[in-house]
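Subject: Structure for you to look at

Dear colleague,

I am passing on the structure we spoke about, and below it you will find some notes on what came out of the analysis. Please read them with the structure open beside you.

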Amino acid sequence: MDEFEMETMDINEFDVELPKATAWDRVLIARSNDRAYTMDYINGIFDNFMKLHGDRLYGDDGAMVGGIASIDGQFVTVIGQQKGRNLKENEVCHFGMPNPEGYRKALRLMKQAEKFNRPIICFIDTPGAFCGMEAEERGQGEAIARNLYEMAGITVPILSIVIGEGGSGGALALGVANEVWMLENATYSILSPEGFASILWKDSKRASEAADTMKITAEELKELQVVEKVIEEPLPVTAENCEDTCEMLRKEMIAFLKKYKGMKKEDIVEERYRRFRNY
Amino acid sequence: MLFRKQERQSKKMLENYHKEQLSEGLFQKCEACNRIVYTEDVIEDYHICPSCGHYFRVAPMERLAMVLDQGSFEEWDKDLETKNPLDFPDYEKKVAKMKQNTGLSEAVVTGKGKIGGVETAIGVMSSKFLMGSMGMIVGEKITNMVERATKEKLPVILFCCSGGARMQEGIMSLMQMAKTSQALKKHDQAGLMYISVLTDPTTGGVTASFAMLGDVILAEPKALIGFAGPRVIEQTIHQKLPEGFQSAEFLLEHGMIDKIVSRKKMRKVLHYLLLSSGANKAH
């Protein structure tokens, strides 16, 4: 094997700065098929996890997973949008785009968490809420609105982590949290850069330019105080290499849970209210 | 004294508005039936086409005049300056032009007024101002209104009319959905009534926040109401939507709204609902 082949080199030996990923690069990383998804994090971070199903109203949405997990000797409720890695998986999880029943399942689990005084941890990873006739018939707008409204009153701490795509209202419906963290290569936006370019410039081909304009990267959103913490990714996190990131997130989560232990219910709600009141 | 002054002002605004409309021509074409109709007839008949019954979109001041006791309106937060969080090119210019064209300072007017003597906080969105899109100021005005109503123990009525989020303000526009919804949660916890009235069109981030959160949700006949806009859905599913999909009637049938109310009856219905909430007892 040629000794100068890239894999054998340690890039740090060279005094060159790698070009910084552009906003559009990050859009593509966040959408990539080998990106770590919600279940990868759940399996990597928590000691136990039991999945729970259904919204008790209509169905069980595979685009939204949730259940009871334990971490560091404490029970928490974990909820997140789940993408599929192939067509077969995506038949169940609709590319991580929840229908109203997904949001209603999420809300049911949050209310359950509140009842049993379990903190809530949400993983956000969706291109947006599912767009289709059935979603409209069953009240997609109402389902998202209800989540924002009810999350505002939840008396246990909520932590939301944007791990991939944070697409619009469909993402925010899991995002009314006491703290919002973001993976370095995740994005969080009002709509896709393609949609933005198409609405404002009538040209969806200008998507990469739109990505630059929209302030959708973790770094920019930290500056805008939309997120509290950026989780670094020395390499883009994939399902294969997510172990270190999971370990780091586990530590940070345990610190988060400690911070809120013993905090009064009213104070938890008020802190969340203040957070969003500032926008 | 103050009351008189406000009464004079609101009357004058309405007169000017009518004059302006008439100055654009004594006749106008109905966008639904294409017939030429007398503008004066339209104004006198709740902005409804005398020929086919089509509902024209209504400016906030006009709407307030239709439902509130005459001269009872007191405007809040009139002069909040629009922000440009993305430094979006020419956004300020665009907003300045909108202000000039509409005589409004943003896409929503908020304040308080009386309906049949019952005091209520009230907000009206305008489709003429960047399609009633919700940016930071729209979110702030609505949140302020709801918070003040909670403090003063007033009910809230909100006439929704919006194409959704204000794209030019990016993520900050998205955050307004959470901000307004959580204010309504507090208002709810104080035991106060919130009535949302959905008018044509109510879509996107507004539907996915305060529009769908009313204790009672009313709608105007045939109003377009949905989360995703019809064109976006058609492009996604590659088929044409059936006639009447996402109309107020469609939503009523699917259990999403309480009632469709004609413009002429709106004031009466709102009054009845306000009384039912016990709103006038506190005052």
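In what follows, Ala, Val, Leu, Ile, Met, Phe, Trp, Tyr, Cys and Pro count as nonpolar, Asp, Glu, Lys and Arg count as charged, and the others, Gly among them, count as polar. Please also keep in mind that this is a predicted model.

With those classes in hand, the residues lining the second largest pocket divide into 10 nonpolar, 11 polar and 5 charged. This pocket has a volume of about 710 Å³, and of the 26 residues in its lining, Tyr17(B), Glu20(B), Gln21(B), Ala59(B) and Lys128(B) lie nearest its centre. Several elements of chain B each supply at least two residues of that lining, namely helix H1 (2–23), strand S1 (27–29), helix H2 (39–44), helix H3 (60–67) and helix H4 (91–102), and H1(B) gives the most, with 4 residues.

Turning to the cavities, the count comes to 4 of 30 Å³ or more. The largest cavity has a volume of about 80 Å³ and is lined by 14 residues, of which Glu136(A), Gly139(A), Thr207(B), Gly226(B) and Leu251(B) lie nearest its centre. H6 of chain A and helix H9 (248–253) of chain B each supply at least two residues of this lining, with H6(A) giving the most, at 3 residues. By class, the lining of the largest cavity has 6 nonpolar, 6 polar and 2 charged residues.

The second largest cavity has a volume of about 70 Å³, and its lining includes Met13(B), Met61(B), Glu75(B), Lys78(B) and Lys141(B), as well as residues such as Gly103(B), Leu104(B), Ser105(B) and Glu106(B). Sorted by class, that lining has 5 nonpolar, 2 polar and 4 charged residues.

H6(A) (residues 140–153) packs with helix H6 of chain B (residues 170–189) at an angle of about 60 degrees, and their axes are 8 Å apart. That angle makes H6(A) oblique to H6(B), and H6(A) passes H6(B) in a right-handed crossing.

Lastly, there are two points of backbone geometry to look at. As background, most residues other than glycine have a negative phi, and most peptide bonds are trans. The peptide bond from Asp200(B) to Pro201(B), however, is cis, with omega near -10 degrees, and Pro201(B) is found in strand S7 (residues 194–202) of chain B. His94(A), although it is not a glycine, has a positive phi of about 45 degrees, and His94(A) lies in the loop between helix H3 (87–93) and helix H4 (100–115) of chain A.

With best wishes

Technical notes. Residues numbered from 1 in each chain as written. Chains lettered and ligands numbered in written order. Predicted model: local features only at pLDDT ≥ 70, side-chain atom pairs only at ≥ 80, totals over all residues. Heavy atoms only, no water. 1 Å grid on protein atoms, 1.4 Å probe; cavity = no way out; pocket = protein on both sides within 12 Å on 5 of 7 lines; lining within 4 Å. Points joined across faces, edges and corners; volume = space filled by probe spheres on them. Axes fitted to C-alpha atoms, helices over the stretch in contact; angles between N-to-C directions. Parallel < 35°, antiparallel > 145°, perpendicular 65-115°, else oblique. Left-handed = near helix turned anticlockwise from the far one by under 90°.
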